[in-house]
Amino acid sequence: MKYNWKKFVAAMLCVVMLLSLCACGSDSGSKTDKEGDSGEAVSVSGPVTIEFWHTRAGEHGKLLDEQIKQFNETNGLGITVVGTYQGSYYDVLSKIKTAYGTDTAPVLALVGAGGIEELAENGALKDMSAYVTKDNWDVANIPESLRYYMEHYENQIIEFPYLVSSAIIYYNKDYYTAEPTSLENFAEMAEQITANNPDIMGMGIGLDTGFIQRPILRSLGAPGLTLGGGDKPALLDDDYLVTHMNDWKSWIDGGYCATVDAVDSITKMKNSFLSGKLAAYVASSADLKQVIEDCKANNINLGVAKFVGYGGYCAPIGGGGIVALDTASAQEAAAAWEFIKFLFEDKQVVDNAIRTGYLPYTISAGTNADMVAYWDENPQTKVAYDQLEYATYNEWSVYLEQWRDKIAAAFAFVITDESMTPEQAVNFLRTQAEAIFS
């Protein structure tokens, strides 16, 4: 049964408000008592401050701080955006659930897959359709493959894709004389590289269930991780998991595919790649800019190839989107909309792509002269963008977070510690599914 935390929070707030009124006869001052929002688009009529919770740290956080500063100084509407780093996507979601309905809750937040579904299904997201209509804002300027979460929920616009990434193959050109064209081809080339260079591991595939394993399983014919609009588990009554687990284990046992550490496997593979001990690995394109710099520092002849699955190319879409909470007042929602529009201006999208490695999230930014010039000078940075035409998100499911964690555990039992056979791992998942999807 789905746990509706929004109803629980609302009930607790009612109790607190009643106790407060009985005690002192005054207003509690919670966010739920602010100016209501009828859902109609309004204009900003005076100074308003909005909180934006995000996941961007380091150089990425520095860029966002600069963008927020520019917006605050130039919007001319008295809008002040306060950006606050809150940790990972999981951290942001957890903190939203704790703060929802109180004065500490944000107006805007950067949320990942799994969190978007949970917030939407609990009625906690603001439908921004009225603002899009009011300003005749061109939704079609966002690539169709990126609009899955944006328009998925009951014909509402509840999310704006912002940190967009895909998976790519980072490879060492000193060993790979051509780019892999399928997963089978990738494994064959890796095996030959290790055979010719016994001290070099030919390939590495990280364990990231919803991002790396999901599209590979889809390339076999699997529907995804869930079925029935996200209410049922997939992968339990077919051979897709068993097939890939057996193949992956055979590559590792063959000595040419890196072993998978259950904790931070992709970072460890990257370090092995930079030290010259690993010839190729699969990871997010979001790290590309840093990998390019690291490869230059370590004299690695870097190549970047499209993500591959069984029989050919496939690709995931990952990252996070910006959402507004439904507890925002009319003025806060209007201010949030102005900031969202600012982040979708070509200059901001292009700056984000060039300075971080995340992909442009509008079509116009992808054809912008500065973006095109950058890609011409750095063709490796365009590989992931070219995959968007066939890339896919995780299927919509409120059970996504729990279910993909269990699938990752099943892979780890087979691939990492070898405590289960693939068939036993599927039986393990059947037991877990009964508890998660009941």
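At what angle do helix H8 and helix H17 pack, and how far apart are their axes? In this predicted model, where local features need pLDDT of at least 70, side-chain atom pairs count only at pLDDT 80 or more, and totals for chains, interfaces and linings use all residues, helix H8 (residues 209-220) and helix H17 (residues 400-416) meet at about 70°, with axes 10 Å apart. Residues are numbered from 1 along each chain as its sequence is written, and side-chain values use heavy atoms, leaving out hydrogens and water.

Helices here are DSSP runs (H or I, at least four residues), numbered from the N terminus. Axes are lines fitted to C-alpha atoms over the stretch in contact, and angles run from 0 to 180 degrees between N-to-C directions. An angle of 65 to 115 degrees counts as roughly perpendicular, so H8 and H17 are roughly perpendicular to each other. From H8, Thr 209, Gly 210 and Gln 213 make the contact (heavy atoms within 4.5 Å) with Arg 404, Ile 407, Ala 408 and Phe 411 of H17.

Now let's turn to the cavity. The structure holds one cavity of 30 Å³ or more; a cavity is a set of points on a 1 Å grid over the protein atoms alone where a 1.4 Å probe fits but cannot get out, and lining residues have an atom within 4 Å of a point. The largest cavity has about 100 Å³ of space, a volume being the space filled by probe spheres set on the points. Its lining has 13 residues, and the closest to its centre are Ala 353, Gly 357, Tyr 358, Tyr 374 and Thr 381. H15 gives the most to this lining, with three residues.

Note on methods
On a 1 Å grid over the protein atoms alone, a cavity is a set of points where a 1.4 Å probe fits but cannot get out, and a pocket is an open set with protein on both sides within 12 Å along at least five of seven lines; lining residues have an atom within 4 Å of a point. Helices (H or I, at least four residues) and strands (E, at least two) are DSSP runs, numbered from the N terminus. Angles under 35 degrees count as roughly parallel, over 145 as roughly antiparallel, 65 to 115 as roughly perpendicular and the rest as oblique.
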